[in-house]
Amino acid sequence: MFEAKDGGTLIRVYAAPRASKEAVIGEFDGMLKVAVKAPPVDGAANKAFEKFLGKKLGSPVTLVSGASGRRKVFWVEMDPEDVAARLA
């Protein structure tokens with residue numbers, strides 16, 4: 001779910017767009033399941049995931065892969081332990 005990479009952490013996310021509320025739901029298939037309200041249209045959900053995770057972590061988050069699927073990978077410049085603690 002969290003992997004140290006390039007001085008930061010990769011976060012493997014199972015995306016749930018168009019949800020009723022934004023939340024970290026828990027673990028799903030070895031990934032962190034995250035829900036956002038935005039629909040998966042024109043990159044709106046991807047931006048919402050970056051914004052939501054960035055707010056929870058207190059640091060900018062960048063989408064690395066999975067722009068058009070439910071399985072996404074984000075990168076943040078933090079230690080994996082800090083990421084896990086803040087998203088728990």
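**Note on the predicted model**

1. Start at the surface. Aspartate 42 is exposed, with a relative accessible area of 76%. Exposed means over 50% relative accessible area, buried under 20%, and partly exposed in between (1.4 Å probe, protein chains only). Aspartate 42 sits in the loop between β4 and α1. Its C-alpha is 16 Å from that of serine 65, and the two are 23 residues apart in sequence.

2. Some ground rules. This is a predicted model, where local features need pLDDT of at least 70, side-chain atom pairs count only at pLDDT 80 or more, and totals for chains, interfaces and linings use all residues. Residues are numbered from 1 along each chain as its sequence is written, and side-chain values use heavy atoms, with hydrogens and water left out. Helices (H or I, at least four residues) and strands (E, at least two) are DSSP runs, numbered from the N terminus.

3. Now the core. A nonpolar core is a set of buried Ala, Val, Leu, Ile, Met, Phe, Trp, Tyr and Cys residues joined through side-chain atoms within 4.5 Å. The largest one here has 19 residues, and Ile11, Leu53 and Leu57 touch the most other members. Two or more residues come from each of β2 (8–16), β4 (31–35), α1 (44–57), β6 (71–76) and α2 (80–87). The largest share, 6 residues, belongs to α1.

4. Look closely at leucine 57. Contact means heavy atoms within 4.5 Å. Leaving aside neighbours within four places in sequence, leucine 57 is in contact with Ile11, Val76, Met78, Val83, Arg86 and Leu87.

5. How do the helices α1 and α2 pack? Their axes are 9 Å apart, at an angle of about 100°. Axes are lines fitted to C-alpha atoms, for helices over the stretch in contact, and angles run from 0 to 180 degrees between N-to-C directions. That makes α1 roughly perpendicular to α2; the label covers 65 to 115 degrees, with under 35 roughly parallel, over 145 roughly antiparallel and the rest oblique. Leu53, Lys56 and Leu57 of α1 meet Val83, Arg86 and Leu87 of α2.

6. Which side of α2 is buried? The buried residues are Pro80, Val83 and Leu87. They cover an arc of only 60° around the axis, so they lie on the same side of α2. The arc is that of the directions from the helix axis to the C-beta atoms. Glu81 and Ala85, on the other side, are exposed. The buried residues pack against β1 (2–5), β2, β3 (23–28), β4, α1 and β6.

7. Serine 59 is a loop residue, between α1 and β5 (61–65). Serine 59 is buried, at 15% relative accessible area. Not counting residues up to four places away in sequence, serine 59 touches Gly54, Val76, Glu77 and Met78.

8. Lysine 5 belongs to strand β1. Lysine 5 is partly exposed, with a relative accessible area of 40%. Beyond four places in sequence, lysine 5 contacts Leu10 and Trp75. Lysine 5 and proline 80 are 75 residues apart in sequence, but 9.3 Å apart in space, C-alpha to C-alpha.

9. Finally, check the backbone. Most residues other than glycine have a negative phi. Aspartate 6 has a positive phi of about 50° although it is not a glycine. Aspartate 6 lies in the loop between β1 and β2 and is exposed, at 66% relative accessibility. Aspartate 29 also has a positive phi, near 55°. Aspartate 29 lies in the loop between β3 and β4 and counts as exposed, at 55% relative accessibility.
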